[in-house]
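Keep the picture open and look for each place as we come to it.

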Amino acid sequence: MKAPICEVCLKTDGILCPADEKKLQEGIISELDVKVARLLYKLIGDVDMEFKKAVEAGDLVVIMVGEGDVPITIGKAGKNIKALMRELEKRIRVIEAADVNSPEDLKKLATDLLYPAGVFGVNIVYKPGGGHYYKVLILSRDRKKLPEKPQLLEEILSQIAGAEVKITFI
Ligand SMILES: [Zn+2]
């Protein structure tokens, strides 16, 4: 299993090795990443999959994994998800990770996360004072299909994208 912490840290609890501790201090990884990585390792073990990152908002944790790694992360009949829910006392979603460098990247990610609601499009909006945010367009008729409250999804998407994300109904 590939993770943002090293194999030794995956297999132990408590303190991190100096290299991983440095990553934590510098904000390259979060406490949640460490926790989820170790839990996943306990559940899945040494298999060919990659855990990339976890983000949380409200009572939802979104776990991002490598391409094609969603089924193995979820486990048979969702057994890993159930175990993670018990340990973290949060609801869990697993999606494929993607770097967000463009509206197209964000559209792919939002399509996964917002399913079964459809994503009509993603616009990039440049602010007058500099900087930008992303506007995720959802058809009004899909509002009820959103898997979570729009505010929660905006928080999660903003963390993943590393930029502000707003959901707009059209
Ligand atoms: Zn380490």
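Start at helix α7, which covers residues 150-161: its 12 residues reach 16 Å from the first C-alpha to the last, close to the 16 Å expected at 1.5 Å a residue. That expected span is 1.5 Å times one less than the number of residues in the helix. Before going further, please note that this is a predicted model, in which local features need a pLDDT of at least 70 and side-chain atom pairs count only at pLDDT 80 or more, while totals for chains, interfaces and linings use all residues. Residues are numbered from 1 along each chain as its sequence is written.

Which residues of α7 are buried? They are Leu 153, Ile 156, Leu 157, Ile 160 and Ala 161. These residues lie on the same side of α7, because they cover an arc of only 125° around the axis; the arc is that of the directions from the helix axis to the C-beta atoms. A residue is called buried if 20 or more other C-beta atoms lie within 10 Å of its own, exposed if 12 or fewer do, and partly exposed in between, with C-beta atoms placed from the backbone. The buried residues of α7 pack against β1 (51-57), β2 (60-65), α6 (103-114), β5 (132-138) and β6 (165-169). Just after α7 comes Gly 162, with a positive phi of about 70°.

Now look at one of those partners, α6. The axes of α6 and α7 are 11 Å apart, and the two helices pack at an angle of about 145°. Here axes are lines fitted to C-alpha atoms, for helices over the stretch in contact, and angles run from 0 to 180 degrees between N-to-C directions. On the α6 side, the contact is made by Leu 106, Leu 109, Ala 110, Leu 113 and Leu 114, and on the α7 side by Leu 153, Ile 156, Leu 157, Ile 160 and Ala 161. Two residues are in contact if their C-beta atoms, placed from the backbone, lie within 7 Å.

Follow the chain beyond α6, and you come to Pro 116 in the loop between α6 and β4 (121-126). A cis peptide bond joins Pro 116 to Tyr 115, with omega at about 10°.

Ala 77 sits in the loop between α4 (70-74) and α5 (79-88), and its phi is near 55°, a positive value in a residue other than glycine. Ala 77 counts as exposed because it has 8 C-beta neighbours inside 10 Å. Glu 89, in the loop between α5 and β3 (91-96), also has a positive phi, near 55°. With 9 other C-beta atoms within 10 Å, Glu 89 is exposed.

Our last stop is helix α3 (residues 31-44). Its 14 residues should span 20 Å at 1.5 Å a residue, which agrees with the 20 Å between its end C-alpha atoms. Its buried residues are Asp 33, Val 34, Val 36, Ala 37, Arg 38 and Leu 40, and what covers them includes α1, α2, β1, β2 and α4. After α3 comes Gly 45, whose phi is positive, near 75°.

How values were computed:
Helices (H or I, at least four residues) and strands (E, at least two) are DSSP runs, numbered from the N terminus.
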